[in-house]
Every structure is written in structure tokens, then in C-alpha cells.
Amino acid sequence: MTIDWSWIGDHTDDLTTLTFSHLQAALSAVFFGLLISLPLAVVAHRVRPLRGFLLGLSNVLFTIPSIAIFVLLLPVSGLTRTTTVIGLTIYSLVVLLRNTVEGLDSVPAKTKEAAKAMGTRPLRTLLTVELPLALPVIMAGVRIATVMSISLVSVATYIGDGGLGQLFTDGFQRNFPTPVIAGVVLTLLLALVADALLVAIQYVLTPWTRRRA
């Protein structure tokens with residue numbers, strides 16, 4: 001299997017466009033997944049009877065094949081980027097919701113009691129005590145969800161989207177391996193760079209973990 005380097009040089013602009021499109025779809029899904037999972041996780045953490053239901057529902061959604069989710073969404077949002085983002089958001093929820101719940105569970109009860117004894121209101125305790133202390137576990141979920149979303153964007157090629165996944169389709173249809181290899185390498189690089197950036201963000205946002213170490 002050989003690479004046609006001249007093809008890559010001739011299609012640099014296309015590769016750049018597809019790469020940014022791929023990244024935009026993945027990051028949008030993680031962003032919306034966080035917006036949905038954070039309030040649901042707080043409810044699951046504080047209202048124990050709903051905990052099993054919410055986590056179980058997210059697990060059930062995760063078992064649906066990605067192609068099936070995109071197909072089911074077609075009558076609603078059509079062959080659009082919205083369909084891709086909604087489908088990927090559904091998949092990110094199971095990781096983000098579970099990690100956020102576990103992060104909130106990991107906050108020591110004595111810490112919350114101390115905040116309460118100081119007269120801190122529940123919402124402020126959540127924002128200034130619980131979520132910051134839960135951040136390392138939450139960020140672990142964000143990292144997993146981001147890498148997973150980047151890998152799943154390519155599946156959306158079946159509905160006319162897919163970012164770098166379009167290179168796979170093009171290469172297989174023409175029996176031309178260069179686009180396939182380029183797509184694999186760029187997808188892998190996106191995942192590695194995104195994960196490294198998230199690690200750096202977590203390092204900056206959690207200085208107390210460094211002091212503890």
C-alpha cells in the first residue's frame with residue numbers, strides 16, 4: 001500500500017476544510033452533551049430515586065448503533081450537520097453524565113457540611129465547592145467523550161456529512177488508499193491533540209491537585 005504524496009499536496013485545502021468540519025462536529029457534540037449532562041447529573045446526585053433511571057436511560061441510548069441513530073433522526077433534522085451533532089451528543093451523554101455523577105459523589109461530605117455551616121447557599125456550594133472538586137473526574141469524562149466523538153464523526157458520512165470520513169468513502173469507492181490513510185492519520189492526530197489540550201486545561205483549572213501531589 002503506497003501513498004500518493006502528490007494527491008495530498010493537490011488537496012491540502014480540502015483536507016484542511018474537512019479537518020475543521022470534523023473537529024467542529026465533535027466539539028459541538030461534547031459542548032451540548034455537557035450542557036445537558038451537568039444539570040441531569042446534579043439531579044441524579046441529589047435525588048437518589050432518579051439516579052438509576054437517568055443513568056440507565058443513558059446506557060440504553062448508548063447501545064443503539066450510531067448509524068441507526070442518524071437514520072432515526074433523518075425525518076426530524078434531515079441530511080444536515082444538526083443530525084450529526086444530535087447523534088454524537090446522545091453518545092457523549094452516557095460518559096459525561098456518569099462521570100459527572102461520580103465526580104459529585106467523590107466530594108467529601110465533611111467539605112459540604114463545612115460549607116453549609118458557614119452559611120453558604122446550596123447553589124453557591126455546588127458552583128464553588130462541589131463542581132470544582134469534582135472537576136478532575138468530570139474532565140476525565142470530557143476527554144473520553146471528545147476522543148469518542150472525534151472517532152464517530154466519520155460514521156455520519158452515511159448521511160452526507162462525516163468530515164474526514166468522506167475521505168474513507170472516496171478512497172474505498174475508487175480503490176485508492178491515499179485518502180483513506182490521510183483520513184485515518186488526521187483523525188488520530190485530532191484525537192491526540194484534543195486530548196493533550198484537555199489535559200493542559202485540567203492542569204490549569206485544578207491547581208490544588210498539584211499541591212496535593
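The largest pocket holds about 250 Å³ of space. A pocket here is an open set of points on a 1 Å grid over the protein atoms alone, with protein on both sides within 12 Å along at least five of seven lines, and lining residues have an atom within 4 Å of a point; volume is the space filled by probe spheres set on the points, which are joined across faces, edges and corners. This is a predicted model, so to speak only of local features at pLDDT of at least 70 and side-chain atom pairs at pLDDT 80 or more, while totals for chains, interfaces and linings use all residues. Numbering runs from 1 along each chain as its sequence is written, and side-chain values use heavy atoms, without hydrogens and water.

Of the 15 residues lining the largest pocket, Leu34, Leu135, Ile138, Met139 and Val142 sit nearest its centre. Helices α2, α7 and α9 (177-205) each give two or more residues, with α7 giving the most, 7 (helices are DSSP runs of H or I, at least four residues, numbered from the N terminus). The lining splits into 14 nonpolar, 1 polar and no charged residues (Ala, Val, Leu, Ile, Met, Phe, Trp, Tyr, Cys and Pro count as nonpolar, Asp, Glu, Lys and Arg as charged, the others, Gly among them, as polar).

The second largest pocket comes in at about 170 Å³.

How values were computed
1 Å grid on protein atoms, 1.4 Å probe; cavity = no way out; pocket = protein on both sides within 12 Å on 5 of 7 lines; lining within 4 Å.
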